Amino acid sequence: LDANMLVILNDNDMSISRNVGGLSNYFAKLLASRTYNQVRDSGKRVLQGTPQLMALARKTEEHFKGMISPGTLFEELGFNYIGPIDGHDLPLLLETLENIRELDGPQFLHVVTTKGKGFAPAEADPIGYHAINKIEPVPPSKPEPVAPKPSKLKYANVFGQWLCDAAEADDRIVGITPAMCEGSDLLAFSQRFPDRYFDVAIAEQHSVTLAAGLACDGAKPVVAIYSTFLQRAYDQLIHDVAIQNLDVLFAIDRAGLVGEDGPTHAGAFDISYLRCVPNMIVMTPSDENETRQLLHTGMLFEGPAAVRYPRGTGPGAEMVRELAPLPIGKGRLVKEGSGVAILNFGTLLTPALEAAKSLGATVADMRFVKPLDEELILALAEKHGLLVTIEENAIAGGAGSAVTEFLNSRDVSQPVLQIGLPDTFIDHGKHGELLSSCGLDAEGIKHTIETRLERMKYNQSLKAVQ
């Protein structure tokens, strides 16, 4: 607004308990009015020669504002604080903004809204309706009740249970979240270990720097963060954690595609942006139990470590209660075959095995992107004509790129087919449908490998003719 500054703070009813009623709105209009601010400025000029009266007037004004708003802090920072006002009262909001345009100096407008306003289920359950799937219409007649299927553990639940178990055994462990307590399943941890739980609000950069500071003081911080949100704290991850080689574990939720949450929330790049950072280890568990055990492995590792896992449920793997670290940088052979070797990184192991069954291919669950299981890769390259890497991450710079870089460093000339997320932003949709559209379901993986094999045969026949 011309040379002035306007800051709008928008609170919802989960973070502010103040009831914004007629009285508060009345005072907000008064504070935003030009008449009030003209009188305010004139009074300051009159009282400039009498410091004692000026101080008394300032304290009186702060007391007046303090009765209706939390604005004293912002006044001390040099803002003219106005509010809080009802953000759903559009005529009032427009009138206030028009008034603010006429004022001099930086303005701070505090707007309070109700999350999910206008949609009753969301107003009643703002956390549950923070992200929702497609809302189906209510049928005209009540359908017959269907027996509920036994629910599988979500990956977030696996993390939440592991963190509580680990914290019970090691009092150095602290949990940090940037305002995703429920989403990352930290509620039980926050209740059982309140002194070791830190919710830093929507401040991802601060969550990572806080973890670095706590690690410097001998704690073992676990940062529970969504893949897409860790991107915001990349500088802190490198400069505050990795350069100092600090003991910080990143539990990276929502890795890969996230269904209806869409491209803004997809964790499509974390393998690419993490594996290039020195001192980091990067783990990609293939099921719920591996997630639990690799979290424990990362917690025991002396240095920065990351475990990535997706939104939703896993294949239903049997959970091992005992926490046992897995050997760092070691994968496992899941199925032996010939011709083609599939190197799986992450939770696409099930469709990879389905595709391998009809192809007669070998399948390895690699577990680690960094460090790679170099021994296993060389052994597979020696016995197979084609290596196939599979990951729910961007192909560019991903796990497949790590494999090809390693082979190149060893002067191994080997065909490598990299299967992953295409170089585009993936739109909203059910997770399974999105995987299918990207060729990451069993049929898509099989088709891509068969196409590559056909091309390899064609190229070999061309060479033979030449």
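Mentor: One term before we start. Two strands pair if DSSP finds at least two bridges between them. And keep in mind that this is a predicted model.
Trainee: Okay. In what sense do strand 11 and strand 14 pair, and over how many bridges?
Mentor: Parallel, over 7 bridges. One of the contacts there is A341, whose bridge partner in strand 14 is L387.
Trainee: And how many bridges join strand 14 to strand 15?
Mentor: 5 bridges, and those two strands also run parallel. There, A394 has L421 of strand 15 as its bridge partner.
Trainee: What's the strand order in the sheet?
Mentor: 10-12-11-14-15. It is an open sheet of 5 strands with mixed pairing.
Trainee: Which strands stand at the edges?
Mentor: Strand 10 (332-335) and strand 15 (416-421). Each has a single partner strand, so one side of each is left without a neighbour in the sheet. From one strand to the next, the twist averages 25°.
Trainee: What holds paired strands together in general?
Mentor: Strands of a sheet pair through backbone hydrogen bonds, in either the parallel or the antiparallel sense.
Trainee: How many residues of strand 14 are buried?
Mentor: 10 of its 11, so the strand is mostly covered.
Trainee: Which strands does helix 14 lie across?
Mentor: Strands 10, 11, 12 and 14. The helix spans residues 349-359 and runs at about 50° to strand 10.
Trainee: New topic: aromatics. How many aromatic pairs are in the whole structure?
Mentor: The search finds 8. Take F159 and W162, a tilted pair. Their rings are 6.2 Å apart centre to centre, with 35° between the planes.
Trainee: Where do F159 and W162 lie?
Mentor: Both are in helix 7 (residues 155-169). They sit 3 residues apart, about one turn of the helix. F159 and W162 are both buried.
Trainee: What kind of pair do Y226 and F229 form?
Mentor: A stacked one: 5.5 Å centre to centre and 10° between the planes. Y226 and F229 are buried too.
Trainee: Which residues do ring pairs link into a cluster?
Mentor: F79, Y81 and F108.
Trainee: Which residues line the largest cavity?
Mentor: A255, T284, P285, R308, Y309, P310, F345, G346, T347 and E392.
Trainee: Last one: Q293. Where is Q293 placed?
Mentor: In helix 13, residues 288-300.
Trainee: Is Q293 buried or exposed, and why?
Mentor: Buried, because its relative accessible area is 5% and the cut-off for buried is under 20%.
Trainee: Which residues is Q293 in contact with, leaving aside neighbours within four places in sequence?
Mentor: V320, E322, L323, A324 and L326.
Trainee: What separates the C-alpha atoms of Q293 and M319?
Mentor: 9.5 Å. Along the chain, Q293 and M319 are 26 residues apart.
Trainee: Great, thanks.

Methods:
Residues are numbered from 1 along each chain as its sequence is written. This is a predicted model: local features need pLDDT of at least 70, side-chain atom pairs count only at pLDDT 80 or more; totals for chains, interfaces and linings use all residues. Side-chain values use heavy atoms; hydrogens and water are left out. Helices (H or I, at least four residues) and strands (E, at least two) are DSSP runs, numbered from the N terminus. Axes are lines fitted to C-alpha atoms, for helices over the stretch in contact, and angles run from 0 to 180 degrees between N-to-C directions. Contact means heavy atoms within 4.5 Å. Rings of Phe, Tyr and Trp (its six-membered ring) pair if their centres lie within 6.5 Å; planes under 30 degrees apart count as stacked, over 60 as edge-to-face and the rest as tilted. Buried means under 20% relative accessible area, exposed over 50%, partly exposed in between (1.4 Å probe, protein chains only). On a 1 Å grid over the protein atoms alone, a cavity is a set of points where a 1.4 Å probe fits but cannot get out, and a pocket is an open set with protein on both sides within 12 Å along at least five of seven lines; lining residues have an atom within 4 Å of a point.
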